[in-house]
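Dear colleague,

My notes on its interfaces follow directly after it.

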Amino acid sequence: MSQAIERARTYLKPHKKLPTVWCGGCGLGVVMSSLTRVMSAMGLDKNKTATISGIGCTGRLPTYIDTNTLHTTHGRALGFATGVKLANPELTVITAMGDGDSVAIGGNHFIHACRRNIDITAIVVNNQIYGMTGGQYSPTTPHGKRGTTAPYGNVEYEFDIVSLATGAGATFVARTSVYHVRELDKLLERAIRHRGFSVVEVVSNCYTSYGRLNKFSGPVDMFKWMKESAVTVKQAGEMSPEELEGKFIRGIHVEREQPEFIEVYDKLAEELAADSSAVNQKRRATIESYQRLGNRLKARIE
Amino acid sequence: MSGNNERSIWVMQGNEACSVGAVAAGVNFFAGYPITPSSEIAEFMARHLPLIGGRFIQMEDEIASIAAIIGASLAGARSMTATSGPGFSLMQENLGLACLAEIPCVIVNVQRAGPSTGLPTQPAQGDVMQTRWGTHGDHAIIALAPATVLECIELTACCVSLSEQFRTPVVLLMDEVIGHMRESVEIPAPGSYRVHSRPLPRDGQEDYQPFCGAHGDVPPMASFGGPHRFHVTGLTHDERGFPTMVPEEVDKKIRWIVDKIELKADDLAMNEETMTDDCEVLLFSYGSSARVAKASVRTLRERGVKAGLLRVKTIWPFSGKRLRELAPQLRSIIVPEMNLGQLVTEVERAVAGVVPVRHFGRIDGHLFEPDQITDFVLEEIAS
Amino acid sequence: MTKSSGRFEIRLSGSGGQGLMLAGKLLAEAASVYGGKNTVQTQSYGPEARGGKSKTDIVISTEDIDYPKATSVDVLLAMTQVSADEYRHALKEDGLFVVDSYLVDNPGRDSAIGIPFTLLAIEQCGRALFANVVALGAIVELSKVVEWDSLEKTVLSRVPSGTEEANKKALAVGREAARRAMGKVS
């Protein structure tokens, strides 16, 4: 066990001094340790992996991970990840986003990434609040709960991220929480191995900005809430809507095969390359003549 | 486009020519979102990139488009997007990330009349200052403006080269007239354009520092997937790429991204001059407006006015060097632009009151007519 | 404006869907690719893909072309009444004004040459969509702005394969009609 922990630790950046920016009791530490364990267990090549995030507490996660890491603008992790993956499909691309990052400001990118099915893993850490900016309500803050911008209770209704991802066409959709650590390890590995766009919603806790406003006694109390509120997909299948009120359903919700974007694109390109029709040959000759206009200077190598 | 292959004379649209320039310069990744009057560039890239081993993707908006080209560049691609005013506005935040994180990429803005949706199919030059200052915070930008279809090829290739050389986003500032007009061009010979590649780290370099040049050199840039993994962030960062709030390090970083471009302003200046040797009235313009100004200069000369034209191809960084050199011989400088006064402020700054500078703007969605500029100049001289 | 002596301006106008943009492209290519002259073609863009006003200007010159649009038109083709009304004022005093007499009742200038392009296309080429190529044949015959041979080569290289003969015929129909019209005028 301790060897496994040591191995997982090698996926943390050596230069980056811990502790993290996260508060004591925050579930993000659980997510990060789970991710490094999975990376280590899978033996991911650090140089061939890119961990990409947006803004917020979750956005800081890649800073500590010893792969190629990219900390982008708020909501845009998936746009950047799309470019990284398309430019170098060899890379394992993992994005980490919070709830505000992924389904508020980045909501449009999120649904389109689900639809396109590019081989990227999206970890959505859902702590139901904007933690870094001080507790403003997010699109996943439950109706009636408090935030600093919902001082009398949230007027809006929350997103169900799993339903959103499913409806938008993601080919792997799962949910668990930072309490269910073994399941988290299992789901992250399964998601990374999945060929296509995968979403893992990780229900997490923010005691500092959410718990204190909503009558939790401390971080442990929030873990207790996760333990008590989670039901498995199987259990949920036997429960009435009334019984499911206030619960979240953990486990794999969607796992299906669909040709991956780059595979389809490259297959088309191969077919074009083999197309010997006069029109295609002429088009190819023309574009190749344009390529030759440029004389590429060699990169400066000292 | 079509043409005669043996003689290499083609009649080509500006937007097509821009795409040709991109391909010539090795662009192999394009992400974009449809918007008039730039969509022909995306269409060209969608058609041709799969033929040459590149990839095209149509993103869900312009924010995602620029995000994707920055990501692709980090993974080693030469990447480009194309848009117009509304889309360019949406790109500003990520443009800033590319400036700060020193990531090469090319953004083509085929300007149309604004603000807001404005006139989607009509020209303007109203994005000059947005190009310079659109993203928040201190930074520098390189922006080039073509005035002919041939220059759409040349300057796009030049944008790619400069973005690689300086590790910075570069904007090709076209306008609707140039983007949509078709013009005869003689396609240059193979190898005509020298395109720089980004500086790379040495193999096996242990202490790789991806950011902030140590000796005034643009720092080497590794690619995601290569032997040097590294961290990239939009937070202000140190040489390794890690966030810093140390005042000296923050100051150094911001000065570096500005100085690496602004201190090269005179070297980067590309101009075309028409009859400036003995001119007393200087027209200063760029893009499609400069074509009209050139016609006007010829007319003014026929009427005995010693007029000349300084057309800038490099909009940013702005170089005032040539203006200052010409200033002693000038009675006035007239700046026709399709806006209410943007680049004219830089002209005023450059000559610092030595010569009177007058702006002449047109903002009704139409290109100037030569008589308009000629008449304006004649009135100015008379007064 | 004083023009460079070698500058020649053509405006093709009508409504969207009449194929005028393509006709403009063909003319520009004939002049440059085969004729060795400088050309600039611009067009008016509206939101309509079909219907609505449509206009393209082609400037042909032996010298550099600075101002890209037409200001003082040497040849004006109007394929609708609306376009005839709107653009005839841009035509030079001694310019060549050609209208589709099938669609334009009142050209508004006595010197206008009326040829029923759309009718000729329907009757002699089988389809109205050849009207643009018929018109192209006519205005090139009337203005000699490009060599006939250049025009024919351009058209044949640009039209979809299988339609070469039909387009060649459309050009010839236009040329014949132009010759007949000239005969009437003189």
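Which residue of chain B forms a salt bridge with A:D66? The partner is B:R229, and the closest N and O atoms of the pair are 2.9 Å apart. A salt bridge here is a side-chain nitrogen of Lys or Arg within 4 Å of a carboxyl oxygen of Asp or Glu.

Before the details, a word on conventions. This is a predicted model, in which local features need pLDDT of at least 70 and side-chain atom pairs count only at pLDDT 80 or more, while totals for chains, interfaces and linings use all residues. Residues are numbered from 1 along each chain as its sequence is written, chains are lettered from A and ligands numbered from 1 in the order in which they are written, and side-chain values use heavy atoms, with hydrogens and water left out.

**Chain B and chain A**

The contact (heavy atoms within 4.5 Å) takes 70 residues from chain B and 58 residues from chain A. The size of an interface is often given as the accessible area lost when the parts come together. Buried area, in this message, is the accessible area (1.4 Å probe) that two parts lose on being put together, summed over both. Between chain B and chain A it is about 5,400 Å², with carbon and sulfur atoms giving 61%. B:L51, B:R55 and B:R229 supply 15% of the area that chain B buries against chain A, more than any other three residues.

In total, 3 salt bridges are counted between chain B and chain A. There are also 29 residue pairs in polar contact between these chains, both residues being at pLDDT 80 or more. A polar contact is a pair of N or O atoms within 3.5 Å; within protein, one must be able to donate a hydrogen and the other to accept it, and residues adjacent in sequence count only if both atoms are side-chain atoms.

Several elements of chain B each supply at least two residues of the side that touches chain A, among them α1 (14-24), α3 (62-74) and β12 (231-233). Helices (H or I, at least four residues) and strands (E, at least two) are DSSP runs, numbered from the N terminus. The largest share of this side, 8 residues, comes from α3(B). By class, the side of chain B that touches chain A has 43 nonpolar, 16 polar and 11 charged residues.

Two strands pair if DSSP finds at least two bridges between them. Within β12(B), B:V232 is the bridge partner of A:L70.

**Chain C and chain B**

Here 22 residues of chain C and 31 residues of chain B are in contact. The buried area is about 2,200 Å², of which carbon and sulfur atoms give 52%. The count of salt bridges is 2; C:D66 and B:R298 meet in a salt bridge at 2.8 Å, N to O. Polar contacts join 7 residue pairs across this interface, both residues at pLDDT 80 or more.

On the side of chain C that touches chain B, α1 (20-34) and β2 (38-43) each supply at least two residues, and α1(C) gives the largest share, 6 residues. That side divides into 9 nonpolar, 7 polar and 6 charged residues. Strand β10 (residues 182-186) of chain B pairs with β2(C) in the antiparallel sense over 2 bridges, and B:E183 has C:V40 as its bridge partner.

**The two domains of chain B**

The domain assignment, which is automatic or from a database, gives domain 1 (2-186) and domain 2 (272-382) in chain B. Their centres, taken over C-alpha atoms, are separated by 26 Å. Between them, 26 residues of domain 1 are in contact with 23 residues of domain 2, and about 1,900 Å² is buried, with 56% from carbon and sulfur atoms. B:Q125, B:V128 and B:M129 supply 31% of the area that domain 1 buries against domain 2, more than any other three residues.

With kind regards

Notes. Ala, Val, Leu, Ile, Met, Phe, Trp, Tyr, Cys and Pro count as nonpolar, Asp, Glu, Lys and Arg as charged, and the others, Gly among them, as polar.
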